[in-house]
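This briefing is meant to be read beside the sequence and the 3D view.

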Amino acid sequence: MSTTAINHLIEQRKEWKKNPLYRFVAKPSTNRDGSLNYMVWECRIPVAKFDYQEDKEHLLCMVFKNDYPLTPPHCMFLPRFLHPNVKPDGTICIPILGDDWIPSLKIRDILLKIYQIQWKPIFSIPVQQEVYFRDWNMSNIAQDTLEERRREWRRDPLFKFVAKAHINSDREMDMFRWKCFIPGKENTPWEGGVYKFTMLFCCRYPFNPPKCIFYPPLFHPNISVDGCIFLPLLDKKRDWTTTISIKQILLAIQEHLANPIISHSKRNLAGEYFLFKPDLYAEVIRKQASQLNTFNATVDT
């Protein structure tokens, strides 16, 4: 057993007893002989304040290695906690317990971060328990993620692009339905056009991608007659990941309009024109662009 690790943990216990967190518990476990085991800590964190079980608490165990504080403790919920950053065995997977660990982090820092992920999962790391999400209120996760995506977009929008949540008749914002406009890519037949589509999110977002529907439907090999676009980035089995932003989606669609994937053609005529009659295809696209060359933000999609 490392003397350095024990000394650090003894110091941590003194600091915790001087300045504990309200409703949190962190203490070394007790051996059978009554002595303290500083390498294994028993902890409790309160359930998130807005949870239906706000008077409850989560139990977790921290196991420290001999090279602590150079390496983080192993943290586990007891029993397991159904959450995207928790493995089926209860192991907690968050950056500060992995690549973002620094020796100066305290036990209170770890507990606060674990407490925060209850309502704010970290989607930049691989999801651990997607199979259990039927036991979660997925719409809350989707709503929170979409609100964050909206904040990201408003902080750094793209020039001439529009992406905004739909406003219902009762003047409430519908975060699951976005109205979008993208400009045609410069130096292509699409230039000059302004293309309108609706981005529809489901309750399993961001694990499932949004569905993008153009209105009116565009003449394009990868857009179906009802306006749905095929794009690898929006395909869960292909390139979709939970960290893809609204900006990335809009830029990918703009690029995809000018550069279709013929192997996934949804409209035979558009695909045939693109492959065998490129001049006619370009003429149709330019005419389409001239007809769709203004923003009409007042029309609901």
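Between which domains does the second largest pocket lie, and why? Domain 1 (3-127) and domain 2 (135-292) both contribute residues to its lining, so the pocket lies between them; the domain bounds come from an automatic or database domain assignment. This is a predicted model, in which local features need pLDDT of at least 70 and side-chain atom pairs count only at pLDDT 80 or more, while totals for chains, interfaces and linings use all residues. Residues are numbered from 1 along each chain as its sequence is written, and side-chain values use heavy atoms, with hydrogens and water left out.

**The second largest pocket**

- The second largest pocket holds about 490 Å³ of space, where a pocket is an open set of points on a 1 Å grid over the protein atoms alone at which a 1.4 Å probe fits, with protein on both sides within 12 Å along at least five of seven lines, and the volume is the space filled by probe spheres set on the points, which are joined across faces, edges and corners.
- Helix 2 (107-116) and helix 3 (138-155) are the elements that give two or more residues to the lining, and helix 3 supplies the largest share, eight residues; helices here are DSSP runs of H or I with at least four residues, strands are runs of E with at least two, and both are numbered from the N terminus.
- The lining divides into nine nonpolar, five polar and nine charged residues, with Ala, Val, Leu, Ile, Met, Phe, Trp, Tyr, Cys and Pro counted as nonpolar, Asp, Glu, Lys and Arg as charged, and the others, Gly among them, as polar.

**Paired strands**

- Strand 1 (residues 25-30) and strand 2 (residues 36-46) run antiparallel and are joined by six bridges, pairing being assigned if DSSP finds at least two bridges; Ala-26 stands opposite Cys-43 in strand 2.
- These two strands form a hairpin with five residues between them, and Gly-34 in the turn has a positive phi of about 90 degrees.
- Strand 2 is also joined to strand 3 by seven bridges, again antiparallel, with Met-62 in strand 3 as the bridge partner of Trp-41.

**Loops**

- Thr-71 is placed in the loop between strand 3 (57-63) and strand 4 (74-77), and its side chain makes a polar contact (2.6 Å) with the side chain of Asp-67.
- Pro-69 lies in the loop between strand 3 and strand 4, and a cis peptide bond with omega of about 10 degrees joins Tyr-68 to Pro-69.
- A polar contact is a pair of N or O atoms within 3.5 Å; within protein, one must be able to donate a hydrogen and the other to accept it, and residues adjacent in sequence count only if both atoms are side-chain atoms.

How values were computed
1 Å grid on protein atoms, 1.4 Å probe; cavity = no way out; pocket = protein on both sides within 12 Å on 5 of 7 lines; lining within 4 Å.
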